[in-house]
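Biologist: Can you walk me through this model? I want the confidence, the helices and the charged pairs.
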Amino acid sequence: MSINQLRRDIDQQLSILVDKYCAELTELDSQLTQVAEALKDYLSEGKRFRSIFALIGYLGAGGELKPEIYRAAAALEFLQACALIHDDLMDGSDTRRGKPSIHKQFENLHSAQFGSSAAILIGDLALTWNERALHESGINQAEQIAVNPIHDVMRTELMAGQFLDVLEQTKSGAESFSIERSLKIARYKSGKYSIERPLHFGAALALASYSEKLSEYLTIYSEYGLPLGEAFQLRDDLLGIYGDPEQTGKPAGDDLREGKRTALIAYAHDRGSQEVKALLEKKLGTDLNQSEIEELRTAITETGAATHVEELITKLSKEALASIQRDELTKESQELLIEMIGLVINRTR
């Protein structure tokens with residue numbers, strides 16, 4: 001089994017689900033075709049990290065992959081779609097994967113208000129399909145009962161992280177730059193629901209009838225997923241400022257325009273001179289032109305924050321690697337988890 005094979009199988013199951021749900025949607029009214037087409041296009045792309053980690057979590061706990069497990073894992077892609085659609089709206093981000101974001105697509109059809117309303121509803125629809133896909137996956141009752149609490153806490157943590165992120169943008173001046181708060185928001189908004197909880201999700205499906213053994217695997221996967229989840233978000237922080245638009249699908253320096261209080265920005269503020277602190281407090285979250293973006297990038301780089309974050313990513317990835325050198329995990333899952341470390345920390349989008 002390879003990561004690429006897991007991704008292909010997830011894509012296949014997800015495509016079947018999306019086609020089914022979109023066909024039912026358009027039967028309600030022909031005007032919903034634009035919603036169905038937007039979601040179908042949106043869900044046709046993605047790295048599938050969450051679904052892949054769920055399948056690896058299942059394999060690592062001794063499960064043998066079958067169609068219903070792929071369908072259950074694919075359900076997580078609807079949750080990811082919901083999160084990204086709403087996140088782009090809240091951030092005022094106009095592009096996603098090199099295309100207009102959902103609210104922008106529908107704004108272009110009618111008005112800004114219509115675009116915002118459509119994005120909220122389409123994100124909610126994706127969340128509804130997330131729940132439906134899991135319930136209709138074909139997993140048995142014991143598996144459903146075991147996985148539901150993890151699925152629920154995963155969604156709760158995601159929404160909590162999103163709210164804390166929005167709240168953080170309301171702060172101003174020096175108080176808006178906190179390394180501790182930035183890391184906490186990153187943990188709940190991205191890290192836990194991208195890696196740790198999907199691994200737990202898979203373990204619960206594999207060990208639905210073995211609660212004591214499940215607890216052991218949840219601990220192992222947390223020891224791997226929490227540091228790697230933090231590294232995942234730190235890589236996002238770097239890409240949001242230094243990423244190549246051709247790779248990220250977003251404009252250069254998008255996080256700077258959006259005023260993201262990421263850990264990278266907090267490190268730069270903490271390490272910077274009074275001039276750098278003042279520059280960040282004044283410019284971050286404003287309508288920056290390209291020269292102002294370059295000015296901020298240079299200032300952040302000169303504080304050593306970017307280097308520090310790269311070093312921290314390396315340290316966290318080593319922690320994740322060390323955590324899986326244990327007999328409880330199957331050899332196949334260990335190899336896949338090792339491969340995923342490289343994909344998470346070395347990604348360019």
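Predicted model: local features only at pLDDT ≥ 70, side-chain atom pairs only at ≥ 80, totals over all residues.

Biologist: What is the mean pLDDT of the protein?
Modeller: The mean is 91. Of the residues, 99% reach 70 or more.

Biologist: Which element has the lowest mean pLDDT, and which the highest?
Modeller: Helix α10, residues 245-248, has the lowest, at 81. Helix α3, residues 49-60, has the highest, at 97.

Biologist: Back to K331. Which residue forms a salt bridge with K331?
Modeller: E335 does. The closest N and O atoms are 3.0 Å apart.

Biologist: How are E335 and K331 placed in helix α16?
Modeller: They are four residues apart, so about one helical turn separates them. As a general point, an α-helix has 3.6 residues a turn, so residues three or four places apart point the same way.

Biologist: And how accessible is E335?
Modeller: E335 is partly exposed, at 45% relative accessibility. Salt bridges that share partners also join K20, E24, R132 and E136 into one network.

Biologist: How many salt bridges does the count come to?
Modeller: 28 salt bridges. One of them is between the side chains of E24 and R132, at 2.8 Å from N to O. E24 lies in helix α1 (residues 3-28) and R132 in helix α6 (residues 112-135), so the pair ties together parts that are 108 residues apart in sequence.

Biologist: What is the relative accessibility of E24, and of R132?
Modeller: E24 has 30%, so E24 counts as partly exposed. R132 has 23% and also counts as partly exposed.

Biologist: What does D236 pair with?
Modeller: D236 pairs with R347. Their side chains meet in a salt bridge at 3.0 Å, N to O. D236 lies in helix α9, and R347 is in the segment after α16 (331-345), so this pair ties together parts 111 residues apart in sequence.

Biologist: Is R347 buried or exposed?
Modeller: R347 is buried, with a relative accessible area of 9%. D236 is partly exposed, at 28%.

Biologist: Let's stay on α9. What should its 32 residues span?
Modeller: Helix α9 covers residues 211-242 and should span 46 Å, at 1.5 Å a residue. Its end C-alpha atoms are 45 Å apart, which agrees.

Biologist: Where does α9 bend?
Modeller: At S222, by about 25°.

Biologist: Are C22 and C82 buried or exposed?
Modeller: C22 counts as buried, at 3% relative accessibility. C82 counts as buried too, at 1%.

Biologist: Now α3. What does the side chain of S51 reach?
Modeller: The backbone oxygen of A73, at 2.8 Å. S51 is found in helix α3. S51 is buried, with a relative accessible area of 0%.

Biologist: And R48, where is that?
Modeller: R48 is in the loop between α2 (33-43) and α3. Phi of R48 is near 65°, which is a positive value in a residue other than glycine. R48 counts as buried, at 4% relative accessibility.

Biologist: Last one. Where is T170 found?
Modeller: T170 is in the loop between α7 (141-168) and α8 (179-206). T170 is exposed, with a relative accessible area of 56%.

Biologist: How far apart are the C-alpha atoms of T170 and A142?
Modeller: They are separated by 44 Å. Along the chain the two residues are 28 residues apart.

Methods. Residues numbered from 1 in each chain as written. Heavy atoms only, no water. pLDDT = per-residue confidence, 0-100. Helix = DSSP H or I, 4+ residues; strand = E, 2+ residues; numbered from the N terminus. Expected span 1.5 Å × (residues − 1). Bend = angle between axes of the 7 residues up to and from the residue. Salt bridge = Lys/Arg side-chain N within 4 Å of Asp/Glu carboxyl O. Buried < 20%, exposed > 50% of the residue type's maximum accessible area, 1.4 Å probe, protein only. Polar contact = N/O pair within 3.5 Å; in protein donor to acceptor, adjacent residues only side chain to side chain.
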